[in-house]
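Here is a short report on one protein chain. It covers the fold and its charged contacts.

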Amino acid sequence: MIHAGVIGGGAWGTALAQVCARAGLYVTLWAREAEVVAGIQAAHENRLFLPGVILDDSVGASGDLYDLGTCDLVLVVAPAQHLRAVLTDFAPFVRPGLPLVLCAKGVEQGSLKLMTEVAAEAVPQAALAVLSGPSFAGEVARGLPTAVTLACADEALGQRLAQTLATPTFRPYLADDLLGAEIGGAVKNVLAIACGIVEGRGLGRSAHAALITRGFAEMTRMAVALGGRAETVAGLCGLGDLVLTCSSPQSRNMSVGLALGAGETLEAALSGKLSVAEGVASAPAVRALAARLGVEAPISEAVAAILAGEVEVDAAIQGLLARPLKSEQ
């Protein structure tokens, strides 16, 4: 593998392009925004989404998905709610067996499908893997130490991908449980909004820790109900990502929660943000998926209700605190 494609010119896609370059790959980054393509071609910098990070000379950019058809692997970093449309456009250029590493985190609205299920429908000829874990784009782009889960059902392909992407500061740990890896990434975004609300309301570190712990229980129940494994969710792609995303305002999702907890409207919380807060779009889908699975997910349900304007923040908090006492599971 010598040529990597990256679909998605946001901060995370740009950071992963830099990871690929550090690993010795030639990289073509596809971006929808013409200014991102032009900026990378002219100055090796994505000034719109990741300013201040100068990309390796081996990173090129294109606005045409055709240019990724000859890649040896493609990292797909399009936002979850746009994944199907992007992959449908890319499908004519996907040869059988092309490895697609799915890096978006979320549940598709309407279908309630995870990203591997969406990709299997849009590009059935591709070989799928999932990359997920605690990783802020700016830190990864600067080469700070990062460890992630790389889940792939094909063990040999997974090993090839891990060896291809690994650098001294970017460590992929292999797994074969794609569903467990995906649900961790999807649910943690919703829980990060809840943690931001707790912080914004000034409810204290004890409440923050309790919410992370009980949110992790929700995440695990959903993973197991979908056919994933609890031990996968206890790794980097679940617990690791949850701790990071729920503990820093660098997290787009937590920053939205902070604004809501401080009394701002959702519109105000989202205004001026170029990057997507996946948890806002995924919350109603996570709530609906939990209901379909018969899984108890009160924190995710409360976040979805707040975002939909069905309940005020304080009422949602009181509702959670008033739940019946039960055994810890």
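The sections below take basis, overall fold, surface and salt bridges in turn.

## Basis

This is a predicted model: local features need pLDDT of at least 70, side-chain atom pairs count only at pLDDT 80 or more, and totals for chains, interfaces and linings use all residues. Residues are numbered from 1 along each chain as its sequence is written, and side-chain values use heavy atoms, with hydrogens and water left out.

## Overall fold

The chain has 15 helices and ten strands (DSSP runs: H or I of at least four residues, E of at least two, numbered from the N terminus). Its radius of gyration is 19 Å, close to the 20 Å of the globule rule for 329 residues, so the chain is as compact as a globular protein of that length. The radius is taken over C-alpha atoms; the rule is 2.2 Å times the number of residues to the power 0.38.

## Surface

Of the 329 residues, 55% count as buried (under 20% relative accessible area; exposed is over 50%, partly exposed in between; 1.4 Å probe, protein chains only).

## Salt bridges

The whole structure holds 13 salt bridges (a side-chain nitrogen of Lys or Arg within 4 Å of a carboxyl oxygen of Asp or Glu). Glu 199 pairs with Arg 205 at 2.7 Å, N to O. Glu 199 is partly exposed at 27%; Arg 205 is exposed at 54%.

Lys 326 bridges to Glu 296, with the closest N and O atoms 3.0 Å apart. Lys 326 follows helix 15 (313–321) and Glu 296 sits in the loop between helix 13 (278–293) and helix 14 (298–307), so the pair ties together parts 30 residues apart in sequence. Arg 84, Glu 108, Lys 113 and Glu 121 form a salt-bridge network.
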